[in-house]
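Please open the structure in your viewer and keep the selection tool at hand. The tour goes from one selection to the next and says what is there at each stop.

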Amino acid sequence: MDGPRRFNELGRLVPSANTKTLTRQLRELESDGVVHRAVFAEVPPRVEYRLTRLGRTLEPVVEVMDRWGAGFAEAYIRDAEEIGR
């Protein structure tokens, strides 16, 4: 949501995704019109990904999912600690 990102930046943001999976997902998102891929004619080549207008409409959904995931993780850890006692 914070502007264009390079492939390796995205990889660092999603460390559990391997390169092949990240590449496949980005291609799919580009094909669906959610992400724009910009290739710059430089040496070495530079590629940036950014959300399209359509992609930005997903921001509220992603925020809700992020909050839910954080709450789930917190509850999961709490439950695991209680079971371990």
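In which strand does Arg-46 lie? Select Arg-46 and you will find it in strand β3, which covers residues 46-51; bear in mind throughout that this is a predicted model. With a relative accessible area of 19%, Arg-46 counts as buried, because the cut-off for that word is under 20%.

Then show Glu-42, whose side chain makes a polar contact of 2.9 Å with the side chain of Arg-46. If you leave aside the neighbours within four places in sequence, the residues in contact with Arg-46 are Arg-6, Ala-38, Val-39 and, once again, Phe-40.

Now move to helix α4, residues 59-84, and select Trp-68 and Phe-72, which both lie in this helix, 4 residues apart, or about one turn of the helix. The structure holds 2 aromatic pairs. In the pair made by Trp-68 and Phe-72, the ring centres are 5.2 Å apart and the planes stand at 15°, so the pair is stacked, since planes under 30 degrees apart count as such.

While these two residues are selected, colour them by accessibility: Trp-68, at 60% relative accessibility, counts as exposed, whereas Phe-72, with a relative accessible area of 47%, is partly exposed.

Methods. Residues numbered from 1 in each chain as written. Predicted model: local features only at pLDDT ≥ 70, side-chain atom pairs only at ≥ 80, totals over all residues. Heavy atoms only, no water. Phe/Tyr/Trp six-rings, centres within 6.5 Å; stacked < 30°, edge-to-face > 60°. Helix = DSSP H or I, 4+ residues; strand = E, 2+ residues; numbered from the N terminus. Buried < 20%, exposed > 50% of the residue type's maximum accessible area, 1.4 Å probe, protein only. Polar contact = N/O pair within 3.5 Å; in protein donor to acceptor, adjacent residues only side chain to side chain. Contact = heavy atoms within 4.5 Å.
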